[in-house]
Structures are given as C-alpha cells and as structure tokens.
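Subject: Handing over the structure

Dear colleague,

I am passing this structure on to you, and below it you will find what came out of going through it. Please have the model open as you read.

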Amino acid sequence: PSMIVVLLIVVFYLPISLLYRSSCCPFILYPQSYAVYLTFFFFFFKQKTAYEMLRSLVGSEMCIRDRYQRRVRGKHVNSSMAVKADEALVKHFREYIDAFNNRDLPGLRAQLHEAVAVYVPVAAHETTEESRSEPCLLLAAQGLDTILPSYQADFDLNKVVTISREPKVVRVSGPPVVDVELTAETQNGSRQVLGVRYHYDERGVQMIRHDIVYIS
C-alpha cells in the first residue's frame, strides 16, 4: 500500500503542483523542479524493476539448482537399483552352482524355466578369441524334461563345477545375462573349461537359455 501511495504522489501530485504554480509554461519557469520530478520518477521505477529482476533471478537459480539435484539424485537411485539387481542375480546363479554340486535336482528344477534351451558351439573344441566373442551356436536340447536327465548323468559321474572366472552380469537388450567361465571335473580325472552365458527371464528368477560359448 505504501508503494501505491508514493506512486500516486509522484504521478499526479507533482505535475499538478507544477502546473498550478506556473500559469504559462512550467517547463521553462521551473526546469529544476521538473528535473527533480523526472529523476525521482525514473529512480522509483528503476528500483522497482531491479527488485523484480532480482526476485526472478533468485527464483530461476533455485529452480535450476533443484532440477539438477533431482536429476543427480535420480541417476544415483537408478544406479543403486541396478547394482542391487546385479548382485541378486549373481547370488541366484551361485545358488544354481551349489545346487548342482550338492546333487539337488529339485533345486535345479526350480532354477530352470520350463522351456529352457541349451546351445553349444558348432566346433565344440575351438577356443580362438574370435570364436569366443562371436560364437556360432546350435540348439542341442530344449525343455526341462529333456535337460534334467543330463544333470542326473553328471551326478553319476560325480562331476563338480567350480567358478574359474567371476560371473559378470550383462544388460544390453532383452533379459539379463550372466557371463561366466566354469571348470568341470569328474572323479576319473577328466577336466573341462567352459565359457557359458546364462540367460535369465525378465524377473531374473529362472534361466531360459544356456549358451556354451566354448569348451576346452
């Protein structure tokens, strides 16, 4: 309200008083008074404009800061969730290896999808770097009832599987993949090194595909 009163005085009272005091031309008789009036008039609006600009700049700065903090916080949350999901998937895979070494066929069944498929390389013993990065795979078996008997055959051979290269979760497109190198040894002394990629479903609960990339 006080600002409105000052504005009314400046806009209406001063010009009227100047005209009243001069019957001819107030601009010529009282130039110094009019100069004071103009100075006060523009100074008032200049201060008001500066105040409004300062207030808008402060608001813009706060908006930019808050938007940046939300973006950084969102990236941090997404990154933390991805790390936790990868850790849970690796833990799930280790449980699969433990179930195999413990001859736990029901535990293996729970880990495998009903339509799980196993792919093997065309040249099973080819171990060149090119064949490992771009393997040519063929479907060897598909379906839970078809694959489970092979696990029983491995149990009869007392096969033990160890992780020779730490599992790595790969997320490019589609379901997550656990890339790992395993060493399989039997009681009669035979030993194989396998590079395997285990494809999981979207929930990361069951295996839907085994890609045996190389065998050596």
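Helices (H or I, at least four residues) and strands (E, at least two) are taken here as DSSP runs, numbered from the N terminus. Read in that way, the protein chain has six helices and six strands, and from the N terminus on its elements follow the order α-α-α-α-β-α-β-α-β-β-β-β. Please keep in mind that this is a predicted model, in which local features need pLDDT of at least 70 and side-chain atom pairs count only at pLDDT 80 or more, while totals for chains, interfaces and linings use all residues. Residues are numbered from 1 along each chain as its sequence is written, and side-chain values use heavy atoms, with hydrogens and water left out.

On confidence, pLDDT is the predictor's confidence in each residue, from 0 to 100. Its mean over the protein chain is 76, with 58% of the residues reaching 70 or more. Confidence is lowest in helix α2 (residues 26-29), where the mean is 44, and highest in β4, where it is 96. Over residues 22-30 pLDDT stays under 50, and for this stretch the model has seven contacts beyond four places in sequence, a contact being heavy atoms within 4.5 Å.

Turning to the sheet, two strands are said to pair if DSSP finds at least two bridges between them. Six strands form an open sheet in the order β2-β1-β6-β5-β4-β3, and the pairing is mixed. At the edges lie β2 (137-142) and β3, each of which pairs on one side only. Neighbouring strands of this sheet are turned by 25° against each other on average, direction ignored, with axes taken as lines fitted to C-alpha atoms, for helices over the stretch in contact, and angles running from 0 to 180 degrees between N-to-C directions. Helix α6 packs on the sheet, where it touches β1, β2 and β6, and its direction makes about 65° with that of β1.

Within the sheet, strand β3 (residues 160-170) and strand β4 (residues 177-185) pair in the antiparallel sense over eight bridges, and the partner of Lys168 in β4 is Asp179. These two strands form a hairpin with six residues between them, and Gly174 in the turn has a positive phi of about 90°. Strands β5 and β6 also run antiparallel, joined by seven bridges, and Val196 has Ile212 as its bridge partner in β6.

As for the interior, buried means under 20% relative accessible area, exposed over 50%, and partly exposed in between (1.4 Å probe, protein chains only). Of the 216 residues of the protein chain, 29% count as buried. A nonpolar core is a set of buried Ala, Val, Leu, Ile, Met, Phe, Trp, Tyr and Cys residues joined through side-chain atoms within 4.5 Å. The largest one has 30 residues, and those with the most contacts inside it are Phe93, Tyr96, Leu112, Tyr151, Leu182 and Tyr198. Helix α3 gives the most to this core, with seven residues.

Leaving aside neighbours within four places in sequence, Tyr151 is in contact with Tyr96, Phe100, Leu105, Leu108, Leu112 and His210. Phe155, which lies in helix α6 (residues 144-156), is buried, with a relative accessible area of 7%. Not counting residues up to four places away in sequence, Phe155 touches Phe100, Arg103, Asp104, Leu105 and Leu108.

With best wishes
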